[in-house]
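Biologist: I have a chain to look at before I plan my reading. Could you show it and then take my questions?

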Amino acid sequence: MSDSSLAERQAVRKALRRLGPLVLLLYTAGYLDRVNLGTAALTMNADLGISASAFGFATGIFSAGYIALQVPSNLALNRLGPRRWLGLLTICWGVVAVLTSLVQGESSLIAIRVALGAVEAGMLPGMLMYLTIWFPPRMRGRVTALVCLPFYAILGTPLSAAIIQYANGVLGVAGWRWMFLLEGAPTIIIGLVLLRFLTDSPATATWLTEPERAALLEVTAAETAVEKQKIRFNDVLQRLRDLRLITLSAGVSLLWVGFAAITAFLPLIIAGFAQQAHTKLNVVQTGLLSGAVYIPATLVAIFWVSSSDRRNERVWHVAWGALLAAAGTVLAANATDLWLTLLGTVLLTSGIYAALFLMWQIPVGHLRGPVALSVGIALTTMLGNIGSFLAPYIVGWLRDATGNYNSGLYFIAASLIGCAVVTVAGNRIRPRTTTSRTPTPHHGDVEEVTTH
């Protein structure tokens, strides 16, 4: 093994040990404050008189602010650096999450969800951009899986349910209000931790040796990511004219239909099917079952992304993951008892997470340089969030129209099948050849997925 290879491995291990837990905290805080609304709905909807379709709209409207500020947020990250930008964003959405405890009805819930989406807009694209700065392409699938472990669901959903049930009535305050308060406040602390301990790039990492720093910069070209290049309006237009990027981003949107719907409605779906099966579940039991679904899903996803990294292949791994999720959705819709429903939701969440950890790498795999990556990743997640915007409202509307979640589940299955088809077809579109003012990439910049 060469000295540079040894230094690279040592640098990656150090980065994963030091930064991995911080990014995991960032991701967990962001998604817990986003999806705990689904658990709150078990009692909040009745307290505030909110229908399933109105709840779905309030859930989906989160994406309005999210979509509007995706690109500006990632441009701000490019200018301010990941440490300051991600830390400040985390503090801001922690404050908004706490304020959610004060909502009084549908209108105030919609307003607070728009605000939460606006301040969280930079979290996911910023985090994905941060991973490209620190880790070589061949490792990003596994690293993404590790830092995106769904602890917000495995631990967060039962915790949310426990707060709702056992804190209900304390000081005359409803349990779901305590949940938003007690889960939002720690996010502010996490933001302060990120401001103190996050490192912008290998070039500024004093905890790496000089050989480790040089080796990591060589395989990630991260030195280009910290240059404060001015981003022009034409850079955004160039990405919008990229048919391959836009088509593959549509695949992200279709995948996020399933992801958004299941994170918003899983506790309600489980409670609904339990009622149909004449099984009575309290709030905590519903929360425990909802969280337990994610445990096998996490194991499947880690195995799947490891397979993707080993085989240096992304597209078909995403497609088969989406198809597995579609099959689980159909099973859940046709289940005759609660346990078959749970099996279907396990397959659904397994397939979605298996694909989700890999999907973002495909659309931006042919982009080069910090400007293209910043704009491209932001556009991908922005367009992908269109699915997050529509899915909860459609599923909720179908629930109100039919009296059950079966039609909504079929809608999710159709979207997931569409994701598989669009991903495979979109990857066959020839990348546009454009003149770029970004630096020529070093070896290691080329994402493997572009050849598959």
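Biologist: What percentage of the 452 residues of the protein chain count as buried?

Modeller: First, the basis: this is a predicted model, where local features need pLDDT of at least 70, side-chain atom pairs count only at pLDDT 80 or more, and totals for chains, interfaces and linings use all residues. Residues are numbered from 1 along each chain as its sequence is written, and side-chain values use heavy atoms, with hydrogens and water left out. Buried means under 20% relative accessible area, exposed over 50%, and partly exposed in between, with a 1.4 Å probe and protein chains only. By that cut-off, the buried share of the 452 residues is 62%.

Biologist: How many helices and how many strands does the protein chain have?

Modeller: Both are DSSP runs numbered from the N terminus: helices are H or I with at least four residues, strands are E with at least two. Contact means heavy atoms within 4.5 Å. Among contacts in the chain with a separation of 6 or more, residues 24 or more positions apart account for 84%. The count for the chain is 19 helices and 0 strands.

Biologist: How are α4 and α10 oriented to each other?

Modeller: Axes are lines fitted to C-alpha atoms, for helices over the stretch in contact, and angles run from 0 to 180 degrees between N-to-C directions. Helix α4 (residues 82-99) packs on α10 at about 165°, with the axes 7 Å apart. Angles under 35 degrees count as roughly parallel, over 145 as roughly antiparallel, 65 to 115 as roughly perpendicular and the rest as oblique. α4 and α10 are therefore roughly antiparallel.

Biologist: How do the residues of the contact of α4 with α10 divide into nonpolar, polar and charged?

Modeller: α4 brings residues including Arg83, Arg84, Leu88 and Trp93, and α10 brings residues including Phe180, Ile188 and Leu195. Ala, Val, Leu, Ile, Met, Phe, Trp, Tyr, Cys and Pro count as nonpolar, Asp, Glu, Lys and Arg as charged, and the others, Gly among them, as polar. The contact of α4 with α10 divides into 15 nonpolar, 6 polar and 2 charged.

Biologist: Is the crossing of α9 and α10 left-handed or right-handed?

Modeller: The axes of α9 (residues 156-166) and α10 (residues 175-197) come within 7 Å and cross at roughly 130°. α9 and α10 are therefore oblique. A crossing is left-handed if the near helix is turned anticlockwise from the far one by less than a right angle, and right-handed if clockwise. α9 passes α10 in a crossing that is right-handed.

Biologist: What kind of aromatic pair do Trp176 and Phe180 make?

Modeller: Rings of Phe, Tyr and Trp (its six-membered ring) pair if their centres lie within 6.5 Å; planes under 30 degrees apart count as stacked, over 60 as edge-to-face and the rest as tilted. The structure holds 10 aromatic pairs. Trp176 and Phe180 are both buried, and they are 4 residues apart in α10, about one helical turn. Their centres are 6.2 Å apart and their planes at 85°, so the pair is edge-to-face.

Biologist: What relative accessible area does Thr39 have?

Modeller: Thr39 is found in helix α1 (residues 3-48). Thr39 touches Thr157, Ser160, Ala161, Ile164 and Pro267, not counting residues up to four places away in sequence. Thr157 lies in α9 and is buried, at 10%. Thr39 is buried too, with a relative accessible area of 3%.

Biologist: How far apart in space are Ile246 and Leu379, C-alpha to C-alpha?

Modeller: Ile246 has its place in helix α13 (residues 243-276). At 27% relative accessibility, Ile246 counts as partly exposed. In sequence, Ile246 and Leu379 are 133 residues apart. In space, the C-alpha to C-alpha value is 8.4 Å.
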